[in-house]
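Student: I've got a new model to look at and I'd like to talk it through. Can we go over it step by step?

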Amino acid sequence: AGLAIGPFGLGKLGINGLGFDSLEALDAVGVIPTVALGFIAFAIGNEFRLSQLKETGKQAAVIGVLQAVVATLVVDGALFVLHLILGEETLPLSGVITLGAIAAATAPAATLMVVRQYKAKGKLTDLLLPIVALDDAVGLVVFAVSFGIAQAMVGGAMSVSSVLVEPLVEIAASLILGSVMGALLTLLEKLFFSNTNRLSLTISFVLLTIALAEMEFPLGNLTLRFSSLLVCMMLGTIFCNLCPRSGDIMDRADKWTAPVYALFFVLSGAELDLSLFSNLAVAGIGVAYVLSRAAGKYLGARGSAKLMHCDHKVQKYLGITLLPQAGVALGMSAQASSLGTTEGRMIRNITLFGVLIYELFGPMLTRWALEKAGEIAPKSPDKESHARFDKARAR
């Protein structure tokens, strides 16, 4: 839908009210993607309940971290080779580093929907669910560091403080701000007894946190910034672990934000300029990103599962179930637009292209992997429906 109504689709017709006629028109509704990303990150925090993390054990934690890091390194390596071939103008080194970080993120929603739809059960499924929850958190941390380095490269201020200190300060400050807001939300929730009021307070608090995450403070030679994604994720994590009613509130918030997510994906799709891929160099970068990320996810998951002595079927099929990519990756690419018009647009379009491919084929491959692992039971004949059919035919 986004592709259709975007400035590179129906918007080209120039008919007022029929689609977005320019990227500037999309920027005018930029608050919607910003809000949606905050709620996506807030929902990720719900997956980090200590009670659940204790059950998943060491295997999920180690595999979740290692496969995300390996995927980043493989994509970085593949795109760095292209950087050497194509040159700095076509594929800047800052773009290589940023796209590598974006590759770490997975789409937990797509994976969970497949598991629930087919009622998958088994060792692979038990390990998969906590890993996809952990994956985006690891991806956000990797992105915060990588993007900080990329910003320093673009700004021409490469130093130890800009490459190492500033990204680490940003991560620490984001986690502290998110923790404070999460604790404050938990305290305020106790003042309300109506579920409607609690939901209203929660939504308002997420919006307030998103706004506070836009703040910047000068600290000597450094500039203190916050990652809105990390701040909101920490807000959700603290709230879910401190508030006993958080489960019900999060479920209600998910229903409220569903239309916002739909708008987010439509507006993201509207930015995709497929004409860019008529340039063979850009098309090559897009294909290299998709293939290298798939290879990184598979090899990282297989190697780390083998390291943790997981079942052979888990080693073989886990990586395939981690291919879907969507919301968090789009959020990272949206933040990357601040690198500059040319670089930001290239990163955004490569990510959108990857999401389009992964969301078309990722869920199908996840289902195939779960079937091969023997965790999706074949459909048994519905005896009741057969009986009704036989009875109707006899009449």
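Predicted model: local features only at pLDDT ≥ 70, side-chain atom pairs only at ≥ 80, totals over all residues.

Student: Are α3 and α11 roughly perpendicular or oblique?

Tutor: Their axes come within 9 Å and cross at roughly 140 degrees. Angles of 65 to 115 degrees count as roughly perpendicular, and those over 145 as roughly antiparallel.

Student: Which residues of α10 make the contact with α3?

Tutor: First, the geometry: the axes of α3 (residues 31-45) and α10 (residues 228-242) come within 7 Å and cross at roughly 40 degrees. That makes α3 oblique to α10. On its side, α3 brings Leu37, Gly38, Ala41, Phe42, Ile44 and Gly45. The partners from α10 are Leu229, Cys232, Met233, Leu235, Gly236, Thr237, Phe239 and Cys240.

Student: How many charged residues does the contact of α3 with α10 have?

Tutor: Go through the classes again. This contact has 10 nonpolar residues and four polar ones. As for charged residues, the contact of α3 with α10 has none.

Student: Are α9 and α11 oblique or roughly perpendicular?

Tutor: The axes of α9 (residues 195-212) and α11 (residues 246-270) come within 10 Å and cross at roughly 70 degrees. The range from 65 to 115 degrees counts as roughly perpendicular. So α9 and α11 are roughly perpendicular.

Student: Which residues of α11 does α9 contact?

Tutor: From α9 come Asn195, Arg198, Leu199, Thr202 and Ile203. Their partners in α11 are Asp248, Ile249, Arg252, Ala253 and Trp256.

Student: Now the second largest pocket. Which helix gives the largest share of its lining?

Tutor: This pocket has a volume of about 1000 Å³. Among its 32 lining residues, the closest to the centre are Thr34, Ala334, Gln335, Ser337 and Ser338. Helices α2, α3, α7, α14 and α15 each supply at least two residues of the lining. The largest share, five residues, comes from α15.

How values were computed: Residues numbered from 1 in each chain as written. Heavy atoms only, no water. Axes fitted to C-alpha atoms, helices over the stretch in contact; angles between N-to-C directions. Helix = DSSP H or I, 4+ residues; strand = E, 2+ residues; numbered from the N terminus. Parallel < 35°, antiparallel > 145°, perpendicular 65-115°, else oblique. Contact = heavy atoms within 4.5 Å. Nonpolar A, V, L, I, M, F, W, Y, C, P; charged D, E, K, R; others polar. 1 Å grid on protein atoms, 1.4 Å probe; cavity = no way out; pocket = protein on both sides within 12 Å on 5 of 7 lines; lining within 4 Å. Points joined across faces, edges and corners; volume = space filled by probe spheres on them.
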